[in-house]
Every structure is written in C-alpha cells, then in structure tokens.
Amino acid sequence: MTEEKMKTMPEAAADAAGAASFNTPTEELAVEIYDEMGIIGPQTKLTGNIVTKGHVTVLGSVKGDISASGNVIVKGTVKGKIICNNLLLENALVEADIEAKSQVSVRAGVTLKGRLDCGSASIMGTVLGSIKAADKVGLAESAVIRGDIAAACLGVAPGAKIEGKITVG
C-alpha cells in the first residue's frame with residue numbers, strides 16, 4: 001500500500017492545503033518549554049479568568065477568559081475567550097472567540113461556537129463562527145463549518161460541509 005493511501009482524511013486534507021499533519025500526539029504541540037502547567041481537573045468548575053505564561057489543560061469547566069503564552073488543551077467546557085500559542089480541542093464544548101498564534105486542532109465530536117483567528121487550523125469537528133488563518137486550513141470529511149473562512153490556503157476533504165463565504169489567497 002502506498003504512503004498516500006495510508007493517510008487519514010484529516011492528513012489528506014492538511015496535505016491538500018500544504019499543511020503539516022495535525023494528527024500528532026498532544027505533547028508534540030509544545031513549541032517552547034514553559035515553567036508553568038495549569039490543569040483544571042475534570043470535577044472542577046472555575047469562574048474567572050486564567051492568565052499564565054505557561055500551558056493550560058481544561059478537563060473540567062471554565063467560565064471566563066484564558067490567556068496563555070503556551071499551549072491550551074480543552075477536553076471539557078469553556079465559555080469566554082481563549083488566547084494562546086497552540087490550541088487542541090478534543091471532547092470539548094467551547095463557546096469562545098479564539099486567538100491562537102500557531103496551530104489549532106478541532107477534533108471530531110467537538111463544537112466550537114465563536115470566531116477562530118489562528119496561524120493554521122485542522123478542523124474535524126463543528127465550527128459555528130468565522131475562521132481566519134494566516135496560513136492554512138484543512139477540513140476533514142467530518143468537518144462542519146457555519147461561517148466564513150479566510151485563509152492563505154484551504155484543503156477540503158470530500159464530505160466536509162461549509163455554509164459561508166470562502167476567501168483564499
């Protein structure tokens with residue numbers, strides 16, 4: 001079997017957009033080493049803002065803004081705004097406007113309600129809001145987008161659903 005046939009649909013969509021694969025382990029999202037690592041546990045509900053120079057993992061619930069110089073991983077719920085370097089949304093419900101300097105990965109089963117402004121994105125879940133990427137956006141066959149997309153390059157796998165205006169270039 002050729003290497004091309006062995007790729008998953010998200011990888012193929014990312015490749016079509018010229019992006020690197022987003023199917024990497026979470027640990028590989030880290031670009032720099034930071035001194036801080038904050039974890040909101042699965043049974044924790046936090047109301048208020050989080051500001052850190054490190055990384056944040058949300059397994060529980062945050063109602064407030066998250067501002068992190070490092071990476072943010074959400075496997076719970078967030079209602080607020082997220083500003084970070086890289087962002088991974090997995091098994092999450094997020095109602096937030098997002099500003100990520102680098103990569104954003106929205107995994108299958110995730111619903112993001114809000115604006116997404118990033119370097120590049122890999123979307124396998126649902127985004128109810130606009131997407132603006134300085135570089136590339138890859139949409140997997142399971143992706144559902146209800147909003148405008150503006151990116152330098154766009155890769156769309158067969159089966160992805162888009163309702164909105166697309167601007168490429």
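Leaving aside neighbours within four places in sequence, Ile82 is in contact with Ile66, Val72, Val74, Leu87, Val94, Ala96, Asp97, Ile98 and Glu99, where contact means heavy atoms within 4.5 Å. The structure is a predicted model, in which local features need pLDDT of at least 70 and side-chain atom pairs count only at pLDDT 80 or more, while totals for chains, interfaces and linings use all residues. Residues are numbered from 1 along each chain as its sequence is written, and side-chain values use heavy atoms, with hydrogens and water left out.

**Overall make-up**

- The chain holds 2 helices and 18 strands; helices (H or I, at least four residues) and strands (E, at least two) are DSSP runs, numbered from the N terminus.
- Of the 169 residues of the chain, 44% count as buried, a term that means under 20% relative accessible area, with exposed over 50% and partly exposed in between (1.4 Å probe, protein chains only).
- Among contacts in the chain between residues at least 6 apart in sequence, 11% join residues at least 24 apart.
- The chain exposes about 8,400 Å², of which carbon and sulfur atoms supply 52%; accessible areas come from the Shrake-Rupley method with a 1.4 Å probe, and for residues only the protein chains shown count as cover.

**Confidence**

- The mean pLDDT of the chain is 86, and 79% of its residues reach 70 or more, pLDDT being the predictor's confidence in each residue, from 0 to 100.
- Over residues 1-14 the pLDDT stays under 50, and the model has 19 contacts beyond four places in sequence for this stretch.
- Residues 16-34 also have a pLDDT below 50, and beyond near neighbours in sequence this stretch has 40 contacts in the model.
- Where pLDDT is low, the predicted coordinates should not be read in detail.

**Nonpolar core and surface patch**

- The largest nonpolar core has 37 residues, of which Val74, Ile82 and Ile123 touch the most other members; such a core is a set of buried Ala, Val, Leu, Ile, Met, Phe, Trp, Tyr and Cys residues joined through side-chain atoms within 4.5 Å.
- Strand 10 gives the most to this core, with 6 residues.
- Met37 lies in strand 1 (residues 37-40) and is exposed, with a relative accessible area of 54%.

**Salt bridges**

- A salt bridge is a side-chain nitrogen of Lys or Arg within 4 Å of a carboxyl oxygen of Asp or Glu, and by this rule the count comes to 6.
- The side chains of Glu90 and Lys75 meet in one of these salt bridges, at 3.8 Å from N to O.
- This pair links distant parts of the chain, 15 residues apart, with Glu90 in the loop between strand 9 (87-89) and strand 10 (93-106) and Lys75 in the loop between strand 7 (72-74) and strand 8.
- Glu90 counts as partly exposed at 22% relative accessibility, and Lys75 is likewise partly exposed, with a relative accessible area of 35%.
- Lys81, Glu99, Arg115 and Asp117 are linked in a network of salt bridges, and the side chains of Arg115 and Asp117 meet at 4.0 Å, N to O.
- Asp135 forms a salt bridge with Lys136, the closest N and O atoms being 2.9 Å apart, and Asp135 is partly exposed, with a relative accessible area of 33%.

**Individual residues**

- Lys79 is found in strand 8 (residues 77-84) and counts as partly exposed at 46% relative accessibility.
- Not counting residues up to four places away in sequence, Lys79 touches Val62, Lys63, Gly64 and Glu95.
- Asn91, in the loop between strand 9 and strand 10, has a phi near 50°, a positive value in a residue other than glycine, and is exposed, with a relative accessible area of 58%.
- Lys165 sits in the loop between strand 17 (161-163) and strand 18 (166-168) and is exposed, with a relative accessible area of 56%.
- Lys165 touches Gly147, Asp148 and Ile149, not counting residues up to four places away in sequence.
- Lys165 and Ser130 are 35 residues apart in sequence and 9.3 Å apart in space, C-alpha to C-alpha.
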